[in-house]
Amino acid sequence: MAASANKLPETDAPIKLSADHVGMVFQRDGKTTQVLRDVNLQVAPGEFVCILGPSGCGKSTLLSTMAGFLSPSSGEVKIDGELVTGPSPRRIFVFQERGVFPWLTVEGNIAFGLFKLSRLERDRRIAYYVKLVGLEGFEKAYPSELSGGMKQRLEVARALAVNPDMLFLDEPFGALDSITRLTMRRELLRIWEAERNTIIFVTHDIDEAVQLADRVAVMSDRPATIQQIVTIDIPHPRDLSSPRYLELRNGIFDQLGLAHKV
Amino acid sequence: MNSLAEPRKWEKYFWPVLASALFLALWHYSVIWSATKVFPSPLAVEKGMAQLAGKGLLWSYIADSLRRVALGFGAAVLVGVPVGLTLGWYPTANQIVNPVLQILRPISPIAWIPVAIILFGIGDTTAVFLIFLAAFFPIVVASVDGVSNVPSMFRRAARNFGLSPLQLLVKVVFPAALPQIIIGLRIALGIAWLVVVAAEMIAVDSGLGYLVIDARNSGKRYDLVVAAMLLIGVIGLVLDLCFRRLRNFKSVRWGFRNES
């Protein structure tokens with residue numbers, strides 16, 4: 001039913017990011033914990049990949065490694081064919097909404113990464129991204145005056161404003177209520193269709209992964225590795241009650257060893 | 001009256017004014033009933049204050065005290081905040097300097113008076129130095145804590161956007177630590193105002209602290225002693241209220257949400 005090869009289907013397609021045999025071992029109090037084991041993943045430019053796994057399995061560690069905040073104990077991560085040695089404004093990491101700077105206004109937050117640009121260009125980008133994420137009228141508002149969903153959109157806008165090729169999203173909607181979460185997914189897809197950045201999105205929510213991703217990388221328990229990659233071959237907007245959606249979703253449920261009934 | 005309800009406008013002023021009036025009445029009648037010859041009544045204090053104000057001494061004393069606090073506290077802010085930011089930024093430096101700071105910190109500025117007089121002689125500089133010492137340590141400690149409490153997520157986001165270390169300090173670490181620094185400044189200003197009185201009793205011949213000791217020594221004018229005490233209290237309150245307003249700036253208000 002689903003493509004299980006870790007390689008991209010077309011071998012001559014360009015590769016944006018490739019993780020090769022990535023392993024991660026943490027030393028703490030004299031104990032060594034293996035968090036990641038032989039993780040292999042290739043992502044095409046403009047692709048939306050979800051990394052799905054249970055809480056604490058190491059998927060955030062994998063994302064931090066791909067973004068250059070951690071260096072792997074073994075293996076390597078390459079972006080555009082170059083070894084990743086640190087974070088870069090070309091690829092922005094988005095946290096849950098707690099990452100916005102509370103001492104800056106909406107405008108100030110979006111302008112945060114734009115310090116190298118001319119004033120004119122900066123103002124143009126602020127206006128554009130305020131509109132793109134639907135925060136018009138809140139330009140002068142501080143984060144404490146915004147709802148959780150608005151803060152999350154602000155953080156996405158701040159990330160997009162520097163024109164990154166890649167976005168790393170670490171359970172970005174985890175702190176939102178389930179209704180806001182659904183709207184935010186739709187918003188994110190709309191923005192992604194406009195901007196076409198490569199997105200790697202970490203989540204523990206199976207539905208979220210199947211609704212958003214082109215492909216879902218299912219992680220195992222610790223030491224985590226990618227046990228299967230599922231291609232979601234449903235065009236957007238996705239019908240959440242279509243047989244194909246349910247089939248893919250149930251397949252991943254099975255993969256994670258979960259029952260279908262509560 | 002529902003305690004959860006917002007107090008009405010007039011209530012906000014009525015009850016404190018009533019309490020103050022009751023306090024004055026209690027004071028007044030205590031003086032009458034106890035038939036004390038030494039302790040002045042509120043009316044005597046008011047007369048004494050008017051007498052001083054008439055001579056022009058009152059305003060110059062207040063101005064002198066405020067000037068000393070402004071100089072000493074200002075110098076403590078200018079030195080203490082950068083020192084605190086640096087120590088918070090370089091944990092190794094903090095580990096080295098911290099024991100010395102922790103030993104100096106609990107020493108009351110009053111204990112420094114003899115040393116200060118040796119260093120600066122009798123005069124303004126000594127008073128300003130003592131106020132500086134009193135304010136310096138709380139400011140340093142608050143700034144160190146402020147920096148070390150900056151969430152790692154903020155630093156990480158700043159690194160991601162390619163900020164240089166200096167930009168990181170100016171654009172992220174300082175604003176993130178600012179609410180805590182402001183709390184430290186407010187505590188330091190309160191202490192500075194306590195210490196100016198002590199310093200003026202010993203080191204100089206003007207100011208509200210000098211007024212307290214001088215009124216007692218030259219003619220046991222307890223009306224003036226109490227007048228000076230009341231002024232010290234009122235001015236201290238006003239300084240604190242002014243400082244509390246700082247937190248209303250929107251760029252720091254996020255850090256005070258859990259405070260009254």
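**A helix pair in chain B, and what surrounds it**

Modeller: The crossing of α7(B) and α8(B) is right-handed. This is a predicted model, so the description below is of computed geometry. Helix α7 of chain B covers residues 152-160 and helix α8 of chain B covers residues 165-202; their axes come within 10 Å and cross at roughly 160°. Because an angle over 145 degrees counts as roughly antiparallel, α7(B) is roughly antiparallel to α8(B). From α7(B), the contact is made by B:Phe154, B:Arg155 and B:Ala158. From α8(B), B:Leu168, B:Lys171, B:Val172 and B:Ala176 take part. By class, the residues of this contact are five nonpolar and two charged, with no polar ones.

Helix α3 (residues 57-89) of chain B packs against helix α4 (residues 91-104) of chain B at an angle of about 120°, and their axes are 5 Å apart. Here B:Thr86, B:Leu87 and B:Gly88 of α3(B) meet B:Ala93, B:Asn94 and B:Val97 of α4(B). The residues of that contact divide into three nonpolar and three polar, with no charged ones.

The C-alpha atoms of chain B fill a box of roughly 75 × 60 × 30 Å along the principal axes.

Chain B also touches chain A: 17 residues of chain A are in contact with 14 residues of chain B. On the chain A side there are twelve nonpolar, four polar and one charged residues.

Chain A contains an open sheet of four strands, ordered β2-β1-β4-β5 and paired antiparallel. Its edge strands are β2 (31-43) and β5 (82-83) of chain A, each of which pairs on one side only. Nine bridges join β1(A) to β2(A), and within this pairing A:Val25 has A:Gln34 in β2(A) as its bridge partner. The two strands form a hairpin with two residues between them, and A:Asp29 in the turn has a positive phi of about 50°. β1 (residues 17-28) of chain A also pairs antiparallel with β4 (residues 74-79) of chain A, over five bridges; in β4(A), A:Lys78 is the bridge partner of A:Ser18. Helix α1 (residues 59-67) of chain A packs on the sheet and touches β1, β2 and β4 of chain A. The direction of α1 makes about 120° with that of β1(A).

As for domains, the assignment for chain A gives domain 1 (1-87 + 167-172 + 196-257) and domain 2 (91-163). Their centres, taken over C-alpha atoms, are separated by 27 Å. Eight residues from domain 1 of chain A and eight residues from domain 2 of chain A make the contact. On the domain 1 side, the largest share, four residues, comes from strand β7 (residues 166-170) of chain A. That side has six nonpolar and two charged residues, and no polar ones.

Technical notes:
Residues numbered from 1 in each chain as written. Chains lettered and ligands numbered in written order. Predicted model: local features only at pLDDT ≥ 70, side-chain atom pairs only at ≥ 80, totals over all residues. Pairing = 2+ DSSP bridges. Contact = placed C-beta atoms within 7 Å. Axes fitted to C-alpha atoms, helices over the stretch in contact; angles between N-to-C directions. Nonpolar A, V, L, I, M, F, W, Y, C, P; charged D, E, K, R; others polar. Parallel < 35°, antiparallel > 145°, perpendicular 65-115°, else oblique. Left-handed = near helix turned anticlockwise from the far one by under 90°. Domains from an automatic or database assignment.
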